[in-house]
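Please keep the view open while you read.

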Amino acid sequence: MNSTLMIFKIVLLLTLVSWINILQARPLTTSSTGHTTTLMTRVKLQDHEEDSSECWDSLFELQACTGEIVLFFVNGETYLGQDCCSAIRIIERQCWPSMLGSLGFTSEEGDILHGYCDASEFPSTPNLAP
């Protein structure tokens, strides 16, 4: 009986110690400088005012052009508007690089959108021989 009680106390003590370690507060992420980042910073609400406004404006533009993106993939449409491509570039390059994946696009679809929008940003001009 004494050994059973002793084992129970040891297990209880180990359980409490592990709970204390688990429940200790820790930073969720840190920035490249080693400082803890807040949720406000990560969603671009606290960084530079201009950048955060551009990020959120682009996100709303992306929402507005969702129909274009769906038609681009479903019907094989080969056109996305400049505003839509601009929103994709800003979000992926300056704001939230993994946003398209969070919205349900596969990495392949994201790559296709990047490729299309990057190509439309700098259209190649044909070389016309004189």
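**Notes on the model**

1. Met6, Ile10 and Leu14 form a nonpolar surface patch of about 310 Å². Patches are built from residues with over 30% relative accessible area and no salt bridge; nonpolar side chains (Val, Leu, Ile, Met, Phe, Trp, Tyr) are joined within 5 Å, like charges within 9 Å. Areas come from the Shrake-Rupley method with a 1.4 Å probe, and for residues only the protein chains shown count as cover. Met6 belongs to helix H1, residues 2-23. Met6 is exposed, at 51% relative accessible area. Exposed means over 50%, buried under 20%, and partly exposed in between (1.4 Å probe, protein chains only).

2. Know the source. This is a predicted model, in which local features need pLDDT of at least 70 and side-chain atom pairs count only at pLDDT 80 or more, while totals for chains, interfaces and linings use all residues. Residues are numbered from 1 along each chain as its sequence is written, and side-chain values use heavy atoms, with hydrogens and water left out.

3. Overall make-up. The protein has seven helices and zero strands. Both kinds of element are DSSP runs numbered from the N terminus: helices are H or I with at least four residues, strands E with at least two. Of the 130 residues, 21% are buried. The protein exposes about 9,900 Å², and carbon and sulfur atoms supply 62% of that. Among contacts with a separation of 6 or more, 54% are between residues 24 or more positions apart. Contact here means heavy atoms within 4.5 Å.

4. The salt bridge. How many salt bridges are there in the protein? The count is one. The rule asks for a side-chain nitrogen of Lys or Arg within 4 Å of a carboxyl oxygen of Asp or Glu. Asp118 and Arg93 make the bridge, at 2.4 Å from N to O. Asp118 sits in helix H7 (residues 107-121) and Arg93 in helix H5, so the pair links distant parts of the chain, 25 residues apart. Asp118 is partly exposed, with a relative accessible area of 32%.

5. Glu92, a charge without a partner. Glu92 lies in helix H5, residues 82-95. Glu92 is buried yet has no salt bridge. The nearest side chain of opposite charge is Arg93, 8.7 Å away. For charge, Lys and Arg count as positive, Asp and Glu as negative; His and the chain ends are left out. Beyond four places in sequence, Glu92 contacts Pro97, Ser98, Met99, Leu100 and His114.

6. Arg89. Arg89 is also found in helix H5. Is Arg89 buried or exposed? Arg89 is buried, at 12% relative accessible area. Leaving out residues up to four places away, Arg89 touches Gln94, Cys117, Asp118, Ser120 and Glu121.

7. Gln63 is in helix H3, residues 49-64. Gln63 is exposed, at 56%. Gln63 and Cys84 are 9.1 Å apart, C-alpha to C-alpha, and 21 residues apart in sequence. Ser86 lies in helix H5. Ser86 is partly exposed, at 27%. Ser86 and Leu62 are 24 residues apart in sequence and 9.0 Å apart in space, C-alpha to C-alpha.
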